[in-house]
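Please look at the sequence and the three-dimensional structure shown here. The paragraphs that follow lead through the strands, the charged pairs and the backbone.

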Amino acid sequence: MNLLPRPVSYVDGGRLVPYQGWETVLVDGPPGGYRLVSSEDGVLIEAHDAEGEMNALQTLRQLLGPGAFRAAGDKPQVIPACEVVDHPRFAWRGVMLDVARHFLPKREVLRWVELLSAHKLNVLHLHLTDDQGWRFEVKAYPKLTEVGSWRDDSRFGDRRSAGMKGRPHGGFYTQDDLREIVAYAAARHVTVVPEIDIPGHSQAAIAAYPELGLHGGGVWSDWGINERVLNTEQSTADFYKVVFDELMDVFPAEVIGLGGDEAPGHDGELVRQIARHILRGGRRPYGWDEVLDSGPLPAGTVVASWRGVEGGITAAREGHDVVMCPEEFVYLDYRQSDSPDEPIPVGTVTTLEDVYAWEPVPAELTGDEPGRVLGAQANIWTEHLDSARRVDYAAFPRLAAFAEVVWSPAEKDPGFVQRLREHHLPRLDALGVEYRPLNGPHPWQRLPGVPGFPR
């Protein structure tokens with residue numbers, strides 16, 4: 001479609017500011033795509049849609065140099081003459097942020113929205129509940145946050161060898177907080193996908209309402225798989241239908257996460273009931289790949305393939321849409337090298353180069369099956385990331401590599417690391433991101449003596 005030219009907004013220190021000298025035209029093209037032309041006559045953006053315009057503005061911000069990523073104080077920059085034609089490879093370019101194990105205040109979630117937008121990532125998956133904390137205000141069940149939002153202690157390091165911190169931890173988001181996050185993200189064309197995890201990872205809910213569980217117990221202060229899961233009573237399903245109704249009222253996303261992972265001994269009927277309830281609400285259920293083990297899934301279910309790629313292959317062949325997030329490539333809490341300096345080393349070594357070399361579409365998919373891959377997401381679990389600084393260290397610069405993988409064609413650029421070092425790390429510096437240096441952690445980023453569980 002062709003519309004009259006209109007003033008474009010430009011990015012000034014992370015803020016979108018109207019500027020009458022530049023203009024945008026909406027044209028036909030791939031979703032999220034754009035053409036940006038800079039010349040002596042000014043800047044013209046041709047975008048397929050509003051998301052494409054935002055993507056073009058982020059490219060323009062990059063052309064302005066690292067100073068454009070500072071909140072204030074930068075001198076005006078000259079935009080180089082150029083023409084950029086670009087569009088994303090995948091529709092789902094996401095990050096899962098675990099705010100259940102360690103709570104991140106609202107201001108930090110808003111900061112993460114900005115970081116996603118700066119990297120042309122468009123999905124923020126919020127893991128809102130787990131054994132260690134319930135972060136979503138449910139007006140019908142106030143004890144979920146009164147009791148379930150805090151724990152009296154936390155394991156420091158891996159559960160097999162480390163001690164406890166000796167202090168409580170907690171926090172939650174009000175529904176108004178979350179509506180603010182959703183609106184802030186929508187203005188930057190980032191969709192917030194919420195997740196309430198069932199039937200496992202539910203100890204915080206059971207602590208608040210013991211009738212939901214099989215064995216009782218308080219909010220968990222440890223890590224790992226907890227065998228205390230939700231019971232199979234119809235009253236428990238009815239309880240969670242109310243929870244998900246409030247969740248869907250706060251979050252307008254098409255996709256609503258219901259977990260489904262790591263639930264020892266559970267038969268899966270609760271997951272299927274809630275999946276059908278989400279569908280009746282006009283949304284699509286989204287679960288970890290264990291949902292495939294519990295019997296036929298309702299049509300419209302989206303599957304997140306985390307236990308390797310096999311779950312994604314199976315789901316695609318069964319006609320389900322897939323988000324690829326295999327732990328060996330895109331779990332960004334996993335250690336970044338085998339050096340003893342890595343703080344709380346857990347999981348397999350997942351280097352910057354490993355993330356960049358990854359191909360999201362499994363080679364085993366043929367015919368129409370690759371079209372079932374909506375995209376991919378990087379997962380940031382926070383058992384061992386107890387502050388925003390620790391999350392920065394784990395995520396960056398590997399998240400920059402992931403962002404290029406899900407945006408660009410499958411062919412890899414041998415000059416990626418050099419481009420990252422010369423051009424993108426200065427942008428992260430300007431943004432105040434405390435990333436891991438390419439040659440290893442700063443002394444203050446190490447945690448000597450705190451054991452992990454490297455594999």
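Strand E13 (residues 255-259), helix H7 (residues 269-280) and strand E14 form a right-handed β-α-β unit. Here helices (H or I, at least four residues) and strands (E, at least two) are DSSP runs, numbered from the N terminus. A crossover is called right-handed if, with the strands pointing away from the viewer, the path from the first strand over the helix to the second runs clockwise.

The model is predicted: local features need pLDDT of at least 70, side-chain atom pairs count only at pLDDT 80 or more, and totals for chains, interfaces and linings use all residues. Residues are numbered from 1 along each chain as its sequence is written, and side-chain values use heavy atoms, with hydrogens and water left out.

Strands of a sheet pair through backbone hydrogen bonds, either parallel or antiparallel. Two strands are counted as paired if DSSP finds at least two bridges between them. E13 and E14 run parallel and are joined by four bridges; within this pairing, Ile-256 stands opposite Pro-285 in E14. E14 is also joined to strand E15 (residues 302-305), through three bridges, and these two strands run parallel. Tyr-286 has Val-302 in E15 as its bridge partner. Val-302 in turn has Asp-321 in E16 as a bridge partner, and four bridges join the parallel strands E15 and E16.

Is strand E14 buried or exposed? A residue is buried under 20% relative accessible area, exposed over 50%, and partly exposed in between (1.4 Å probe, protein chains only). Five of the five residues of E14 (residues 284-288) are buried, so this strand is largely enclosed by the rest of the structure. Both of its faces are covered: Arg-284, Tyr-286 and Trp-288 are buried on one side, and Pro-285 and Gly-287 on the other.

The charged side chains come next. Side chains of opposite charge can pair when their charged atoms come close. A salt bridge is defined as a side-chain nitrogen of Lys or Arg within 4 Å of a carboxyl oxygen of Asp or Glu. By this rule the model has 30 salt bridges.

One of them joins the side chains of Arg-111 and Asp-392, at 2.6 Å from N to O. Arg-111 lies in helix H2 (residues 106-118) and Asp-392 in helix H11 (residues 388-395), so this pair ties together parts that are 281 residues apart in sequence. Arg-111 is partly exposed, at 22% relative accessible area, whereas Asp-392 is buried, at 2%.

A salt bridge also links Asp-386 and Lys-165, at 2.4 Å from N to O. Asp-386 lies in the loop between strand E18 (373-380) and H11, and Lys-165 in the loop between strand E10 (150-151) and strand E11 (169-170), so the pair ties together parts that are 221 residues apart in sequence. Asp-386 is partly exposed, with 29% relative accessibility.

Asp-321 is in strand E16 (residues 321-324) and Arg-372 is in the loop between helix H10 (352-357) and E18, so parts that are 51 residues apart in sequence are tied together. Asp-321 counts as buried at 11% relative accessibility, while Arg-372 is partly exposed at 32%.

Finally, the backbone deserves attention. Most residues other than glycine have a negative phi, and most peptide bonds are trans. The peptide bond from Ile-198 to Pro-199 is cis, with omega near -10 degrees, and Pro-199 lies in the loop between strand E12 (191-198) and helix H5 (203-208). His-201, in the loop between E12 and H5, is not a glycine but has a positive phi of about 50 degrees; His-201 is buried, at 3% relative accessibility. A cis peptide bond also joins Phe-396 and Pro-397, with omega about 10 degrees.
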